[in-house]
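Take a moment with the sequence and the view below before reading on.

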Amino acid sequence: MADTTDLIQRATQLLNPADTPARDITKADALARIATAQALHTLAKNADYQPPANKPTPEPWPDGVTARFLTRGGILTNNQNATVDIHDTAHRSTALCRPCGWADDHGIDYRDKVLSAAQSHAGQCTALAQPTS
Ligand SMILES: [Zn+2]
């Protein structure tokens, strides 16, 4: 017999069918999904439900990193280490994409430009970080 965690995982998969575009969802489908989501919420509040333990723990930020953008590849693979890091000094602002090595660098007065370029790159970068172990 399936336990609550299995039921929740199966129902969650049914709630998010990857092959059904949003425009093809009928009102009845939407109402059924809402009812299922409410049931899941009730189940999830039960004492026997334990969230999956495979949630990655982000590593602490290195010294000097003042902002971070998770890359598209990091989002797709649930890799919290696939980031574009911003380093600021008194005079320079530098962006470095850890998975692919893309970089941008300007005077600190142009930090906004570095942030914007870093966010734009992170939103497109699908490079995978080299495994460390
Ligand atoms: Zn990159």
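Which residues are the protein donors of the zinc ion?

## The zinc site

Please keep in mind that this is a predicted model. The zinc ion takes its protein donors from Cys97 (SG), Cys100 (SG), His121 (NE2) and Cys125 (SG), at distances of 2.1 to 2.3 Å. Angles among these 4 donor atoms run from 104 to 120°, and the site is tetrahedral. If you want to find the donors in the sequence, look for the spacing C-x2-C-x20-H-x3-C along the chain.

## Cover around the donors

Is cysteine 125 buried or exposed? Its relative accessible area is 7%, so cysteine 125 is buried, given that the cut-off is under 20%. Histidine 121 is buried too, as is stated for it together with cysteine 125. Cysteine 100 has 40% relative accessibility and therefore counts as partly exposed.

A disulfide is a covalent bond between the sulfur atoms of two cysteines. The whole structure has 0 of them.

## The chain as a whole

Stepping back, the chain holds 4 helices and 4 strands. Followed along the sequence, they come in the pattern α-α-β-α-β-β-β-α.

The chain has 133 residues, and 23% of them count as buried. Its accessible surface is about 9500 Å², with 54% belonging to carbon and sulfur atoms. As for contacts between residues at least 6 apart in sequence, 35% join residues at least 24 apart.

Notes
Residues numbered from 1 in each chain as written. Predicted model: local features only at pLDDT ≥ 70, side-chain atom pairs only at ≥ 80, totals over all residues. Heavy atoms only, no water. Helix = DSSP H or I, 4+ residues; strand = E, 2+ residues; numbered from the N terminus. Buried < 20%, exposed > 50% of the residue type's maximum accessible area, 1.4 Å probe, protein only. Contact = heavy atoms within 4.5 Å. Areas by Shrake-Rupley, 256 points an atom, 1.4 Å probe, with all protein chains shown as cover. Donors = N, O, S within 2.8 Å, 3.2 Å for Na, K, Ca; no water. Tetrahedral: all angles 85-135°; square planar, octahedral: opposite > 155°, others 65-115°. Disulfide = S-S within 2.5 Å.
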